[in-house]
Amino acid sequence: MQLKIYNSLTAEKEIFKPILDGNVGMYVCGPTVYSNVHLGNVRTFLSFDFIYRTLTHLGYKVRYVRNITDAGHLTDDGNVDNDRFVKQTRLEKLEPMEIVQKYTVDFHKVLDMFNLLPPNIEPTATGHIVEQIELTQKLIERGFAYESNGSVYFDVLEYNKRGLNYGELSKRNIEELFANTRDLDGQGEKKNPQDFALWKKASPAHIMRWNSPWGEGFPGWHLECTAMSTKYLGETFDIHGGGMDLKFPHHECEIAQGKACNDAAPVNYWMHANMLTMNSQRMSKSTGNYILPMQLVTGDNDFFEKPFHPSIVRFCFLQAHYRSVLDISNDAMIASEKGFIRLMEAVKVLNSITPDDTKQSGFSLKEWKDKAYEALTDDFNSPILIAHLFEAVKYIFALNDAKETISTIDLEDLKATLNAFIFDVLGLQTVEENNNEKLDQTLKVLIELRNQARKSKNFDLSDQIRDKLLAEGIELKDGRDGTSYVLN
């Protein structure tokens, strides 16, 4: 079956035609490592992990590049004090590279927990300063950029004057962009309000700084991805992915930089994962509707009634198409857990099935496989694939109840196909289903014994139970509603 991909640039599903037959170059915008990776980030990276796994399963040789932004992430080109790394170094009183190391480690730890495969190449912005300076020089030489007061900006108006189209990805009109832009403090050194920084002059207080032809400074956020993607994948490559929030201005700027430098579109297929909400509301620290990935797994939160294994969280995420908004809630997680357990039970049951070559089955394995692969190749439709998996689950339990039959050849084929879909493509992992329940019941007994000891004023025993559990990574928390526990 032909693979179809929804291209954000054309807003249409297109038959995928790689530049080099049988090979795929894929770049995904990675994290800015100034804070803990949040659950919305995990959803995006998990979506592209599924896409990477699918491409590999379909037989493509994939070079997957995902960067680390460890410098130059400005939220406002006009004010270098808005650099997120500068802000975080002040908050935590650490050196910038201490911040980078701390949160890079956290990023990898969280992604490993959710069983994401590592990319083939994971370049950093600070490791490619030379390439970014060279690109900036090239853009100046070609008349697409200009130096102003030690900073260098991309000239958006000049880009459009030459028949190019800044706004083609986000479908924004350049005239409207200029008309609706307010005058901002610190924008005076730009020719036009929409111009974006390629290189910023460092203020005296700015710690992360490098020498350049324009003085000491640091690179603009958009430039780093162009430098790293073209270095490892070429001037034009197959797939560029990222979150929906990066479409404008980040990816729009990448297109402009690529075309201005190389007279060619940098990417053939732009892919964007949609956002994650919780309890039908946007996740936000300011509103309190916010949870870190580890808190969902440990149960240390006020939104979910219990902890959930990372593989169950992964299963929940994949039940929504990557281009759809995904809403998580306690009910959604409980339902996902039940579905996950049933799916894994079917895998176990299948291994105990005895084939029967004397009878005709009412289940067509070929038709089922065709439907599953049709979902997989239709813009990586994970929810439809999962729905087809549960058709097989129903068949497996019918086999177990002797209501259906399967031949020896089909049994081996079903085992191989089911395992490939569940473990290789969806990236799920087996979980001992009863472990959490057994742990919960055991801890309830210990908490009750501790409560009895406290009532009897046997505080030595009470403290001993608490301290021994804490030593095993289980923290007891006493509150108005009784005692609960958190896995550390």
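Me: Rings of Phe, Tyr and Trp (its six-membered ring) count as a pair if their centres lie within 6.5 Å, with planes under 30 degrees apart called stacked, over 60 edge-to-face and the rest tilted. How many aromatic pairs does that rule give?
Reply: Bear in mind that this is a predicted model, where local features need pLDDT of at least 70, side-chain atom pairs count only at pLDDT 80 or more, and totals for chains, interfaces and linings use all residues. Numbering starts from 1 along each chain as its sequence is written, and side-chain values use heavy atoms, with hydrogens and water left out. Under the ring rule, the number of aromatic pairs is 20.

Me: What kind of pair do phenylalanine 45 and phenylalanine 107 make?
Reply: A ring pair is described by the distance of the centres and the angle of the planes. Here the centres are 5.3 Å apart and the planes sit at 80°, so phenylalanine 45 and phenylalanine 107 are edge-to-face.

Me: How many residues apart in sequence are the parts that this pair ties together?
Reply: Helices here are DSSP runs (H or I, at least four residues), strands are runs of E with at least two, and both are numbered from the N terminus. Phenylalanine 45 belongs to helix H1 (residues 39–57) and phenylalanine 107 to helix H3 (residues 96–113). The pair therefore links parts whose separation in residues is 62.

Me: Are phenylalanine 45 and phenylalanine 107 buried or exposed?
Reply: Buried means under 20% relative accessible area, exposed over 50%, and partly exposed in between (1.4 Å probe, protein chains only). Phenylalanine 45 comes in at 3% and phenylalanine 107 at 1%. That makes phenylalanine 45 and phenylalanine 107 buried.

Me: Does the end-to-end span of helix H8 agree or disagree with what its residue count predicts?
Reply: The expected span is 1.5 Å times one less than the number of residues. With 16 residues (247–262), H8 should span 22 Å, and its end C-alpha atoms are 21 Å apart, so the two agree.

Me: How many residues of H8 are buried?
Reply: Proline 249 is in H8, and a cis peptide bond with omega about 5° joins phenylalanine 248 to proline 249. H8 itself is mostly covered, and of its 16 residues the buried ones number 14.

Me: Is serine 280 buried or exposed?
Reply: Serine 280 lies in the loop between S11 and S12. Its phi is positive, near 65°, though the residue is not glycine. Its relative accessible area is 63%, so serine 280 is exposed.
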